[in-house]
Amino acid sequence: METINERIAFLISDLGISKTKFAERLNISPSFVTRICAGDKIPSDRTSSDICREFNVSLAWLEDGEGEMYVQRSENERMALMFTDVLAEADESTRKRGIAAALEMPPEFWDNILEYAKKITGSK
């Protein structure tokens, strides 16, 4: 597999899901996924990041074909990725306030934060 497009098509096949289901989990259109798989479109950095987060795929494998396709992430790593995605769209002031607020939360609230992050990012 030479291109990111070929690797995404392979991933969808390996997962055993339809392009439509893949698109739904990433909150992108099925036609965009079809165009990526056909080589007509290149996924954005954000889409690549979402693919890696949602399907536990290695970014090195997705972008360059290097290493193992799947990675095992701890719950903390998954939460950090979701938190990063949520804050990626925010302005600098909001990001700083969001990070500061999260760091001040007692550990017993982390499960709630994770569930909320999953809800707003559409993760399962």
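What share of the contacts in the protein chain with a separation of 6 or more comes from residues 24 or more positions apart? I looked this up first. The share is 53%, with contact meaning heavy atoms within 4.5 Å.

**Ground rules.** I am working on a predicted model, where local features need pLDDT of at least 70, side-chain atom pairs count only at pLDDT 80 or more, and totals for chains, interfaces and linings use all residues. Residues are numbered from 1 along each chain as its sequence is written, and side-chain values use heavy atoms, with hydrogens and water left out.

**Overall layout.** I listed the elements next. The protein chain has eight helices and zero strands. Read from the N terminus, the order is α-α-α-α-α-α-α-α. Both kinds of element are DSSP runs numbered from the N terminus: helices are H or I with at least four residues, strands are E with at least two.

I then checked burial. Of the 124 residues of the protein chain, 30% count as buried. Buried means under 20% relative accessible area, exposed over 50%, and partly exposed in between, with a 1.4 Å probe and protein chains only.

**H1 against H3.** Helix H1 (residues 4-15) and helix H3 (residues 30-38) pack at an angle of about 120°, their axes 7 Å apart. That makes H1 oblique to H3. Axes are lines fitted to C-alpha atoms, for helices over the stretch in contact, and angles run from 0 to 180 degrees between N-to-C directions. Angles under 35 degrees count as roughly parallel, over 145 as roughly antiparallel, 65 to 115 as roughly perpendicular and the rest as oblique.

Which residues meet here? On the H1 side I find Asn5, Ile8, Ala9 and Ile12; on the H3 side, Val33, Ile36 and Cys37. By class, the contact of H1 with H3 holds six nonpolar residues, one polar and no charged. The nonpolar class is Ala, Val, Leu, Ile, Met, Phe, Trp, Tyr, Cys and Pro; the charged class is Asp, Glu, Lys and Arg; the others, Gly among them, are polar.

**H2 against H4.** H2 and H4 pack at an angle of about 100°, with axes 10 Å apart. That makes H2 roughly perpendicular to H4. Phe22, Arg25 and Leu26 in H2 meet Asp50, Ile51, Glu54 and Phe55 in H4. The residues of this H2 and H4 contact divide into four nonpolar, no polar and three charged.

I looked for ring pairs next. Rings of Phe, Tyr and Trp (its six-membered ring) pair if their centres lie within 6.5 Å; planes under 30 degrees apart count as stacked, over 60 as edge-to-face and the rest as tilted. By this rule I count one aromatic pair. Phe22 and Phe55 form this stacked pair, 4.9 Å centre to centre with 10° between the planes. The pair links distant parts of the chain, with Phe22 in helix H2 (residues 19-26) and Phe55 in helix H4 (residues 45-55), 33 residues apart. Phe22 and Phe55 are both buried.

**H4 itself.** Why do I call H4 largely enclosed by the rest of the structure? Because eight of its 11 residues are buried. They are Thr47, Ser48, Asp50, Ile51, Cys52, Arg53, Glu54 and Phe55. Leaving out residues up to four places away in sequence, Thr47 touches Ile28 and Phe32.

**Positive phi.** Asn56 follows H4 and sits in the loop between H4 and helix H5 (59-64). Asn56 is not a glycine, yet has a positive phi of about 55°. At 26% relative accessibility, Asn56 is partly exposed. Asn27 lies in the loop between H2 and H3. Asn27 is also no glycine, and its phi is positive at about 60°. At 73%, Asn27 counts as exposed.

Arg95 lies in helix H7 (residues 92-104) and is partly exposed at 31% relative accessibility. Arg95 and Thr84 are 11 residues apart in sequence and 9.2 Å apart in space, C-alpha to C-alpha. Glu115 is in helix H8 (residues 110-121). I find Glu115 partly exposed, at 47%. Glu115 and Met79 are 36 residues apart in sequence, with 9.3 Å from C-alpha to C-alpha.
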